[in-house]
Amino acid sequence: MAKKIFFDFEFTGLHKLTTPISFAMVAEDGRSFYAEFTDFDKFQIDPYVRQNVLPKRILQDYNIATDYQPESDEVLMKGDIDKVFTAVNKWLTVYEQEGVQMWGDLLAYDWVLFINIFGNGLALPKFIDIIPLDICTALKLCGEDPHTDRLLFAYGEDKLETAKESQNNALFDAKTSLEVYKKLMSKMEAAKNDSLEDVEQTSEDIEASNALDEQIVKYIPEEDVSKTPAKKKRGRPKKSETKKFIEPSQSDIDNSEEFNPPI
């Protein structure tokens, strides 16, 4: 089964010419990769990015000679897009045999930036699935609002304020996507278990009903119809039982008090 990799970019603006500032990947097995680009377009930086994204970078004092450790479970990288490409490719090659399924959150920009690291879509390594999956869609399919606050959903009310301090860092946001995915999977598993319990309960009800029927048959004998007196039938008498009408003769009429009442 392909390994799920959750990734995120911070970039210079919401437009087609945007350039990446930082990039991160977090695998479901716990490995992570974080890179900061040194060649992003500084002329695209707007007030929001300057105030909320640039301060969240963590590699200001990075030294590639000592800090880049490609065999580490938590790889850190800083350089231009060519250096980042080399490090990304090496990090992902660990999953070459099992394959990679990329997961992002609102992929309209992130997926294009990811492909650009490799040059173009045709240069994407064969073991990476060309169809990325989106947390937004997963939320919708699981009955959640795709606009829901990711930090609140992933970490809860108690950790919300602390999480906000780390938001807009690519590595933290990639980890948040992984946490959202885990919560959604837990919700689906709980719903599945509830359905199984309902099915089991129905089966138990059917078995109990069948057992009761068996007891009734065993201990309550059926009524012997042969010894039960027949009930009188109501309604019009049968044709054979109807008295035949005999027309009276003149003599019968003359001698009958019914037709000759006394004066």
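Two strands count as paired here if DSSP finds at least two bridges between them. In this predicted model, strand 2 and strand 3 (residues 32–37) pass that test with five bridges, in the antiparallel sense.

Six strands make an open sheet in the order 4-3-2-1-5-6, with mixed pairing. Strand 4 (74–79) and strand 6 (133–134) are the edge strands, each pairing on one side only. Strand 3 and strand 4 run parallel and are joined by six bridges. S32 stands opposite E74 in strand 4. Helix 4 (residues 107–118) packs on the sheet. The helix touches strands 1, 2, 3, 5 and 6, and its direction makes about 100° with that of strand 1.

Back to strand 2 (residues 20–27). Eight of its eight residues are buried, meaning under 20% relative accessible area. The strand is therefore largely enclosed by the rest of the structure.

The largest nonpolar core has 50 residues. F23, M25, F33, L92 and F114 have the most contacts inside it. Beyond its neighbours within four places in sequence, L92 is in contact with M25, V100, F114, F118, F127 and I128. A second, separate core has six residues, including I21, F40, I45 and V49.

Key
Residues are numbered from 1 along each chain as its sequence is written. This is a predicted model: local features need pLDDT of at least 70, side-chain atom pairs count only at pLDDT 80 or more; totals for chains, interfaces and linings use all residues. Side-chain values use heavy atoms; hydrogens and water are left out. Buried means under 20% relative accessible area, exposed over 50%, partly exposed in between (1.4 Å probe, protein chains only). Helices (H or I, at least four residues) and strands (E, at least two) are DSSP runs, numbered from the N terminus. A nonpolar core is a set of buried Ala, Val, Leu, Ile, Met, Phe, Trp, Tyr and Cys residues joined through side-chain atoms within 4.5 Å. Contact means heavy atoms within 4.5 Å. Axes are lines fitted to C-alpha atoms, for helices over the stretch in contact, and angles run from 0 to 180 degrees between N-to-C directions.
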